[in-house]
Amino acid sequence: MSYVKGLKCRECGRAYPKDPIYVCEYCFGPLEVDYDYEWIKKILTRKEIESRPKNLWRYRELMPIDKDPTDGLNSGYTPLIRARNLEKVLGVKELYIKDDSVNHPTLSFKDRVVAVALSKAKEFGFKTVACASTGNLANSVAAQSAIANLERYIFIPADLEKGKVIGTLIYDPNLVAVEGNYDQVNRLCSEVAAKYKWAFVNINIRPYYAEGSKTYGYEIAEQLGWKAPKHIVVPCAGGSLITKIWKGLHEFKKLGLIDKVDTKIYAAQATGCAPIVTAIKEGSDIIKPIKPNTIAKSLAIGNPADGIYAVGTVKESGGFAEDVSDEEIVEAIKLLAKTEGVFTETAGGVTLGVTKKLIEQGKIPKNESIVVCITGNGLKTQEAVAEKIGKPLKIKPSLEAFEKAKNKRLGV
Ligand SMILES: *Cc1c(COP(=O)(O)O)cnc(C)c1O
Ligand SMILES: [Zn+2]
């Protein structure tokens, strides 16, 4: 059963069939999935959704597949945590963490997009999947294609964190480490994609793949009791997630699942790679590509594919943008762990660091609901904090040694 009419050019509106294509032949605009909302509205009620299993396919009619989903059957429906301790520290009234650091199976929000991309790639009959990745996508494509018994080629920048490389290789894919940054990896992959008949999840399957990100926004609204929050802070790499959260909330409104969208969306990036944030701060519609230099490698895309749409989303919502230094990223990672027991990766440090800054600047008011998007797990980027945390009390195995060490720590 399909609720997808076809693809549509985001710029000129021209219609295209449901094929593994991603760019308009006339204006080079990106292609987007077009749904039959009238039909979906008849089926997808709050009650219907609530009756379904707790994974991202509970919103299946709003996903771009024609047959039953085959992948990511345990992905999504991650916790939305009321962050009471963090509220006290930041001096705000109502703060939530949407925690994709515990997404299944590879502990980042990329498990959502890959679930959709692989289900769709199989519908198209592809036997080989591939991707260009800043790390988390590599982990997820490697794991989920292993489950699906697909051939896989995964391209990453050679200088990725150890946790991201091991977290890919363990699934035994063809891993290609390119001596260059992500933007160079991506350019190479466009050439490979033009030559080989593979499903590149974030190139020729991109219109379908990107739809998976909407489920992150759907879940926020459902978990808040079918309403949109006043403020959402979103980490940006290519700029797709932020636009899809926005699209998801508006689809929910269109379907009558929520009453209104009075949400302001904020873009978060690292100072060492902030092309989207810079454009927003300068009030510009043009993204100036940059060369990334930050510990937040999962967000290190200097020439973001959806950059202008991310800027447009923030503007339309009345939100803003901010960036944080590598030191602020580490501080925010530690703050989230200490207050809420969530160990996030560098991208999460960016998002919380930016949230803190926006609250301090008065851009986000202290008495309205705020959702912080935590999109990845800290065990994958341990080198970012390894030298910046405490040390264990190292002792001989005796009670005397323990008490001596304990008193020393207490300064007795
Ligand atoms: C990929 C990624 C993002 C952002 O994704 P875009 O859709 O490219 O902006 C955010 N957080 C983490 C941890 C990611 O891996
Ligand atoms: Zn077009």
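Two strands count as paired when DSSP finds at least two bridges between them. Keep that cut-off in mind for the first stop of this tour, which runs through a predicted model.

**Stop 1: the sheet of S1, S2 and S3**

Select strands S1, S2 and S3. They form an open sheet in the order S2-S1-S3, with antiparallel pairing. S2 and S3 are the edge strands; each has a single partner, so one side of each lacks a neighbour in the sheet. S1 and S2 pair in the antiparallel sense over 2 bridges, which meets the requirement of at least two. Between S1 and S3, also antiparallel, there are 5 bridges.

Now pick leucine 7. On one side it stands opposite tyrosine 16 in S2, and it also stands opposite valine 33 in S3. Move to lysine 8, whose bridge partner in S2 is alanine 15. In a regular strand, side chains alternate between the two faces of the sheet.

Next, select glycine 13. This residue belongs to the hairpin of S1 and S2, which has 5 residues between the strands, and it takes a positive phi near 80°.

**Stop 2: the zinc ion**

Select ligand 2, a zinc ion, and show the side chains of Cys9, Cys12, Cys24 and Cys27. Their SG atoms are the protein donors and lie 2.3 to 2.4 Å from the ion. Why is the arrangement tetrahedral? The 4 donor atoms subtend angles of 98 to 120° around the zinc ion (ligand 2), and four donors count as tetrahedral if all angles lie between 85 and 135 degrees. Along the sequence, the donor residues follow the spacing C-x2-C-x11-C-x2-C.

Cysteine 9 is in strand S1 (residues 4-9), while cysteine 27 is in the loop between strand S2 (15-16) and strand S3 (31-35); the two are 18 residues apart. Is each of them buried or partly exposed? Cysteine 9 is buried, at a relative accessible area of 2%, whereas cysteine 27 is partly exposed, at 32%.

**Stop 3: salt bridges**

The whole structure contains 28 salt bridges. Side chains of opposite charge can pair when their charged atoms come close.

- Select glutamate 48 and arginine 52. Their side chains meet in a salt bridge of 2.8 Å, N to O. Glutamate 48 is partly exposed, at 30%, but arginine 52 counts as buried, at 17% relative accessibility.
- Select lysine 122 and aspartate 71. Their closest N and O atoms are 3.0 Å apart. Lysine 122 is in helix H4 (residues 110-124) and aspartate 71 in the loop between helix H2 (46-50) and strand S4 (80-82), so this pair links parts of the chain 51 residues apart. Lysine 122 is partly exposed, with a relative accessible area of 30%; aspartate 71 is buried, with 4%.
- Select aspartate 262 and lysine 230, a salt bridge with its closest N and O atoms 3.0 Å apart. Aspartate 262 lies in the loop between helix H10 (240-254) and strand S11 (264-270), and lysine 230 in the loop between helix H9 (214-223) and strand S10 (231-235), so the pair ties together parts that are 32 residues apart in sequence. Aspartate 262 is partly exposed, at 29%, and lysine 230 is partly exposed, at 32%.

Then select Arg10, Glu32, Glu211, Lys214, Lys244, Lys247 and Glu251 together: a network of salt bridges links them.

**Stop 4: a nonpolar patch**

Finish with Leu393, Ile395, Leu399 and Phe402, which make a nonpolar surface patch of about 370 Å². Leucine 393 is in the loop between strand S13 (369-374) and helix H15 (399-410). At 39% relative accessibility, leucine 393 counts as partly exposed.

Definitions and conventions
Residues are numbered from 1 along each chain as its sequence is written. Chains are lettered from A and ligands numbered from 1 in the order in which they are written. This is a predicted model: local features need pLDDT of at least 70, side-chain atom pairs count only at pLDDT 80 or more; totals for chains, interfaces and linings use all residues. Side-chain values use heavy atoms; hydrogens and water are left out. Patches are made of residues with over 30% relative accessible area and no salt bridge: like charges are joined within 9 Å, nonpolar side chains (Val, Leu, Ile, Met, Phe, Trp, Tyr) within 5 Å. Accessible areas come from the Shrake-Rupley method with a 1.4 Å probe; for residues, only the protein chains shown count as cover. A salt bridge is a side-chain nitrogen of Lys or Arg within 4 Å of a carboxyl oxygen of Asp or Glu. Helices (H or I, at least four residues) and strands (E, at least two) are DSSP runs, numbered from the N terminus. Buried means under 20% relative accessible area, exposed over 50%, partly exposed in between (1.4 Å probe, protein chains only). Donors are N, O and S atoms within 2.8 Å of the metal (3.2 Å for Na, K and Ca); water is not among the atoms, so sites may look incomplete. Four donors count as tetrahedral if all angles lie between 85 and 135 degrees; four count as square planar and six as octahedral if opposite donors are over 155 degrees apart and all others between 65 and 115; anything else is irregular.
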